[in-house]
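Trainee: Could you walk me through this one slowly, please? I would like to learn how to read it.

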Amino acid sequence: LQVKDILRAQVVFPSEGPLVCGFAFLNRYCTLSSSDNNASRIINEVGLKAEIVRIKNLFAVTSTGQHCKNQLPTGYRHILLNLRINDTMVVEIQFHLAALYNIMGKKWL
């Protein structure tokens with residue numbers, strides 16, 4: 001058993017495009033190589049190193065176009081990312097779509 005969200009952030013995106021861009025940006029940041037001088041400078045400026053250790057994509061679909069089984073009884077869809085920060089703590093970032101988030105609100109998540 002491992003606690004995965006002792007520190008959690010939620011990002012609410014207006015539509016799918018910005019959500020995908022946000023995920024791509026975070027993925028790119030997490031894959032910066034410390035051996036690359038430009039990447040090392042960026043990591044030093046931001047002040048943290050991050051590694052994606054888990055992705056739970058509840059938007060995912062099967063090869064037949066069916067949504068993957070959702071563990072939430074409401075059918076709510078989002079992306080959960082667990083990041084290891086500075087080789088120590090694991091944190092969670094939740095990516096939500098505003099249209100769904102505004103209906104469900106915080107009480108269901």
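Trainee: What order do the strands of the sheet have, and what is the pairing like?

Mentor: It is an open sheet of 4 strands in the order β1-β4-β3-β2, with mixed pairing; strands here are DSSP runs of E with at least two residues, helices are runs of H or I with at least four, and both are numbered from the N terminus. Two strands are said to pair if DSSP finds at least two bridges between them. Please keep in mind that this is a predicted model, in which local features need pLDDT of at least 70 and side-chain atom pairs count only at pLDDT 80 or more, whereas totals for chains, interfaces and linings use all residues. Residues are numbered from 1 along each chain as its sequence is written, and side-chain values use heavy atoms, with hydrogens and water left out.

Trainee: Which strands are at the edges?

Mentor: Those are β1 (8-13) and β2 (50-57), each of which pairs on one side only.

Trainee: And in which sense do β1 and β4 pair, parallel or antiparallel?

Mentor: Strand β4, residues 89-97, pairs with β1 in the parallel sense over 6 bridges. Along that pairing A9 stands opposite I93 in β4, and Q10 has Q94 of β4 as its bridge partner.

Trainee: How many bridges join β3 to β4?

Mentor: There are 7 bridges between β3 and β4, and these two strands run antiparallel. Here L80 is the residue that stands opposite Q94 in β4. The hairpin of β3 and β4 has 3 residues between the strands, and in this hairpin N86 takes a positive phi near 50°.

Trainee: Is β4 mostly covered or mostly open?

Mentor: β4 is mostly covered, with 8 of its 9 residues buried, where buried means under 20% relative accessible area, exposed means over 50%, and partly exposed is in between (1.4 Å probe, protein chains only). Helix α1, residues 16-30, lies across β1, β2, β3 (79-85) and β4, and runs at about 160° to β4; for such angles, axes are lines fitted to C-alpha atoms, for helices over the stretch in contact, and the values run from 0 to 180 degrees between N-to-C directions.

Trainee: Changing topic, why does I6 count as exposed?

Mentor: I6 lies in the segment before β1, and I6 counts as exposed because its relative accessibility is 68%. Together with L7 and M89, I6 makes a nonpolar surface patch of about 320 Å².

Trainee: What goes into a patch?

Mentor: Patches are made of residues with over 30% relative accessible area and no salt bridge, joining like charges within 9 Å and nonpolar side chains (Val, Leu, Ile, Met, Phe, Trp, Tyr) within 5 Å. A salt bridge is a side-chain nitrogen of Lys or Arg within 4 Å of a carboxyl oxygen of Asp or Glu, and accessible areas come from the Shrake-Rupley method with a 1.4 Å probe, with only the protein chains shown counting as cover for residues.

How values were computed:
Contact = heavy atoms within 4.5 Å.
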